[in-house]
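Please look over the structure shown below, together with its sequence. The report that follows takes up a few of its features in turn.

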Amino acid sequence: MKEPSLPRHQRPSQFDQFLFGACYYPEHWDRSWIEADASMMQKAHVNVVRMAEFAWTLMEPRRGKYDFSLFKEAVTTLEQRGIKSILCTPTATPPRWLTYDNPQWMRVNSDGVPFSHGTRQHCCTNNPEFRKESRRITKAMAEAFRDMPSVIGWQTDNEFYCHVDECYCDCCQDEFRKWLKIRYNSSIESLNEAWGTVFWSQQYDYFEQVEIPRKWLQPAPCNPSALLDYRRFLSDSITSFQREQVEILRARNPDWWITHNGIFYNIDYYKFAEDLDFLAVDVYPAFWGTRPQDFIGASRLNERCRQASGTYIVPEQCGGPGGQLKFLQPTPEPGRMRLWAYQSIAHGADGMLHFRWRTCRFGAEIHWHGIIDHDNVPRRRFEEFSQEGEELQRIGPQILGTTKRVEIGISFSYEQDHAQSVLDYSRPQPDTQRELALGELMRQKFAVGYVNEDDSYAGLSILIVPSAIVITEDRARKITDFVAEGGTLLVTATSGQRNTNNHAIEQTPPGLLREVLGITVEEFGNIDHRKMNLCGSTFSTPAQYYEIVECADATPVAHWRFEEFPDTEAAQGKVGLSCNSFQKGRAYYLGTFLSEENITPILEILCDAAGLSPLAKADPNVCVIERHAEDRKLTFVLNNYPEAKRVDELPAGQELLTETPCEGQIILPPFGVAIVRS
Ligand code: GAL
């Protein structure tokens, strides 16, 4: 796919068909079932399935003895019904013959104990010998399927780091040292400098002495610079494992697109996605609860994917109640699965596959329910799935080519999160603040979304930068230019305090952001039991953490006020929120973290200043999200309540699902969905 010149988070799909389908496991039934499954899928308007991610042993029962016949048969039978296939490299479940002969390839936990065989993600992806096996099976699969035209794309592995994201085997030690050697140009002095090893006499003489920091096996807190490098290494090393597979697949058939299903921690997906055509994300909303307000969990996950990828697909969307050995999620009410699917589509998904076609009768996920039950009787979930399939077949062409409108960007960054988290002092992390801002702005129906700090800010009116502790010259320049060109900026506490080694910088905070914000931060602290409020002319909200903001060019907007013994408080009467008019824009600095208490008034100030209006009016947990292209706007309206809700001030146009005109008002049934084209 060609790389467009748009911001990454606005990259549209190049698909010629909206993908709809399910994850299919022909290996869990007799081969004779494939034909009937394909026919039933066709009835449900399925146009794609995903297969083979856990079937390594079937495809290679003995080293070098391949048997792709089952999946070839499945691909061919499905193709006859107009159904395409996404295949997966099967490296999440290495065969027993492989681990039995090579126990030293197993991942090792932080206590130094190797994992045993019997589940998945057990082999170390940094082990050079395991990597050879990964390349070998990828090549064999790619060659086996290269000439089957209905294989349209690939998923690498399955959910990297979903169960285990750290490994402490000898190979990981070696690879970490090699990675450090490259990062520090083979100079151990540079590493000592970057890690500040003079503190607690940690200096190294050569790279071979360096060990992966192990939080639990060290008597005192670890070096925060070493920890940050380790997080970078975790991301880079899984990216390089994937890249080996991607190169093999691309070389065998350049028409294939390649994706991977995230989103987990310890992967910088913005960088990771550069090797892919687009990223994918598996969405099981019940993980965050099923109350109306819990929609935010799935929205946040979709946004984490969209910020890294632009267009994306959902290879696994809830297909029923999910259960593993120790839990069973609530059963989605009628209409809820379809609602959740449209929620992902509204955020930007251009492909929707449900997990899984039929519930498995054995194994650890006997109760992870699919669209069809164990007894193969299609019931209400199948009906709902088929309805979704019919709708997407009909309206898919209008969705493809549109991207989510984002007027308010919330800055996302892997680096900032980890720089903060390795020295967290129980502070609200950037991600917590991001989610609060996303939730608040979505409840108010603003066009809000995550934007990576390395992406372009073009098109944004407001930029929210939650606790960006590491500000480089490039980041500062981009943020400054955004304001200079007319943007409205909000930066929150602890920003601009460290360099990329996670060292505190010499300048007064917020360091390189001082000019655009027009302030300095003179003091900070927690207040424990003392009661403090941030008071502006229209609001007063409690806070636990303060920064004393000294306005150089900025104007005070709110001050700190203590309820008891104000005379003994350093922050009493000092500025806690400021606004700086800077060239064509304005820059707010909040000397505390975004919190449940302050989020509403702070964001109101921001939206008023930027003159933004919401996309529609409705109850807080009805979501209104717009996707747009040059010639059309699609306003998705999603009712998360188990009762009917009215939505006002929508654009006038045509409601696509019911094919009826919309005059600006809609009544949505419980868990209902509408999409207004204008
Ligand atoms: C996903 C995973 C699937 C399946 C599903 C339900 O995370 O990719 O293979 O395990 O969860 O648990």
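## Salt bridges

In this predicted model, the count comes to 48 salt bridges, a salt bridge being a side-chain nitrogen of Lys or Arg within 4 Å of a carboxyl oxygen of Asp or Glu. Residues are numbered from 1 along each chain as its sequence is written, side-chain values use heavy atoms, with hydrogens and water left out, and local features need pLDDT of at least 70, while side-chain atom pairs count only at pLDDT 80 or more and totals for chains, interfaces and linings use all residues.

One of the salt bridges joins R50 and E316, whose closest N and O atoms are 3.0 Å apart. This pair links distant parts of the chain, since R50 belongs to strand β2 (residues 48-51) and E316 to strand β8 (residues 312-318), 266 residues apart; helices (H or I, at least four residues) and strands (E, at least two) are DSSP runs, numbered from the N terminus. R50 counts as buried because its relative accessibility is 1%, and E316 counts as buried at 5%, where buried means under 20% relative accessible area, exposed over 50%, and partly exposed in between (1.4 Å probe, protein chains only).

## Pairs in a helix and a loop

R443 and E440 also form a salt bridge, with 3.5 Å between the closest N and O atoms. Both residues lie in helix α14 (residues 430-443), 3 residues apart, which is about one turn of the helix. R443 is partly exposed at 29% relative accessibility, whereas E440 is buried at 7%.

The side chains of D619 and K645 meet in a salt bridge of 2.7 Å, N to O. Here D619 sits in the loop between α17 (599-610) and β22 (622-629), and K645 is in strand β24 (residues 645-647), 26 residues apart. D619 counts as partly exposed at 30% relative accessibility, while K645 is buried at 11%.

## The ligand and its surroundings

A polar side-chain atom of R120 lies 2.8 Å from an oxygen atom of the ligand, and an N or O atom in the side chain of E365 is 2.6 Å from a ligand oxygen atom.

Technical notes:
A polar contact is a pair of N or O atoms within 3.5 Å; within protein, one must be able to donate a hydrogen and the other to accept it, and residues adjacent in sequence count only if both atoms are side-chain atoms.
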